[in-house]
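Here is a short report for a reader meeting this structure for the first time. Please look at the sequence and the model first.

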Amino acid sequence: MSQPVRDELVAGLSRGYGVHAYSKWGGAFWRLLSLVDLGVQPGHPGATAAAEETLEWVASPRRLAEIHKRRIDGRVRRCASQDGRALQACLDVGLTGDPRLDTLAESLVETQWPDGGWNCDRHPQVTHSSFNETWGPILGLARYGATNAAGRGAEFLLEHRIVFSHRTGEPAHPVMLKLHFPPYWHYNVLAGLRTVAASVGLNDARTDDALDLLESKRHADGSWRTEGKWWKRPGSKGSNVDVVDWGGTANELLTEQAEGVLRAAGRL
C-alpha cells in the first residue's frame, strides 16, 4: 500500500468520534484497532486519543465489577475480545505503564476458562470457549507479557488446529475459512494464525492444515483477496458503517498480514 493512501486512512480514522467507544464501527475502540493494523507509531496523537477513550470505557471499575458478577457454574461469561484487543492495541500505541492495563490483564487471567479460552454465552450448559472471544485476549496477554495465560489460550486454538472442530475434525464453522478485512471481532483462519504466531509461534504441526488453507487462497499475482466484508462504506444506511472506505486497500492489508504469517512460519 502506498504511504499516501495509508496516511489518508490514518487521518480519517483519527478524526473525532461523537459516539460510544464501542459503537460499531465508528467508536474509538474500533478506530484504535484499525490504526494499529495500519502500523501507526507509538505516540501517534490520533491513536493515543483513541486509546485513552477506549481505556476510559473498557477499564471502568463499574464495568469490570459487573462482568465479574456474571459467574455461572464457575465460569465468568464475558465478551473478552473487548478487553483483550484493547489491551493489545493500547500497548502497541505506547500506553505502557498505565495501571489500567494491569487491571485488564489481571481481570482476563482471573476469568480464563479451564480449556484456556473465554466465552460470553450465559447458558449454564456451555462449557466450551468461543473462538471469537478468545483470540483477542491471547493477543493482549501475549503483548502484555502474561505468557502462561497467553500460552494456555494458544493451546486452545492449537487443539482445534486453528479452525477445526475438536470433535469432528471438520471446519468449526464455514465463515472461519473466509478472509475478511477488517475482521473487527470476527475470528477466521488468518486471525487464528496471527494470534498463535504472536503468542507461542507457528512451529507446531497443528498449524499445518490452517497454513495450507491460507496458502491455497493466494492468487496467481501473489495477493490475497477478501471473501466478504463486515463493514459498509461511509454514508451508508443501517448498522456497521465504517468511517473510512477500505475499498481495494483491504486486499493490500490482508496480503501484508497473510505474508507476515507465512514468513513467520518459514513458508515465505
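In α6, the buried residues are Leu101, Leu104, Ala105, Ser107 and Leu108. Buried means under 20% relative accessible area, exposed means over 50%, and partly exposed lies in between (1.4 Å probe, protein chains only). Seen down the axis of α6, the buried residues fall within an arc of 160°, so they line one face of the helix. The arc is taken from the directions that run from the helix axis to the C-beta atoms. An α-helix has 3.6 residues a turn, so residues three or four places apart point the same way. On the face turned away from the buried side, α6 carries the exposed residues Pro99, Glu106 and Glu110.

Helix α6 covers residues 99-110, twelve in number. From first C-alpha to last it reaches 17 Å, close to the 16 Å expected at 1.5 Å a residue. That expected span is 1.5 Å times one less than the number of residues. Helices (H or I, at least four residues) are DSSP runs, numbered from the N terminus. Among the elements covering the buried residues of α6 are α3 (45-58), α4 (61-68), α5 (80-92) and α7 (131-144).

## How the model is read

This is a predicted model: local features need pLDDT of at least 70, side-chain atom pairs count only at pLDDT 80 or more, and totals for chains, interfaces and linings use all residues. Residues are numbered from 1 along each chain as its sequence is written, and side-chain values use heavy atoms, with hydrogens and water left out.

## The nonpolar core

The largest nonpolar core has 78 residues. Such a core is a set of buried Ala, Val, Leu, Ile, Met, Phe, Trp, Tyr and Cys residues joined through side-chain atoms within 4.5 Å. Helix α2 (residues 28-37) gives the largest share of this core, seven residues. Leu141, Tyr187, Leu193, Leu214 and Trp246 have the most contacts inside the core.

What does Leu193 touch, leaving aside its neighbours within four places in sequence? Leu193 is in contact (heavy atoms within 4.5 Å) with Ile162, Leu202, Thr207, Ala210, Leu211, Leu214 and Val261.

## A glycine in a loop

Gly18 sits in the loop between α1 (3-14) and α2. Gly18 is exposed, at a relative accessible area of 83%. Gly18 and Ala28 are ten residues apart along the chain, and their C-alpha atoms are separated by 9.2 Å.

## Cysteines

The whole structure has zero disulfides, a disulfide being a pair of cysteine sulfur atoms within 2.5 Å. For Cys79, the nearest cysteine sulfur is that of Cys120, 4.0 Å away. Cys79 is partly exposed at 29% relative accessibility. Cys120 is also partly exposed, at 32%.

Terms used: Helices (H or I, at least four residues) and strands (E, at least two) are DSSP runs, numbered from the N terminus.
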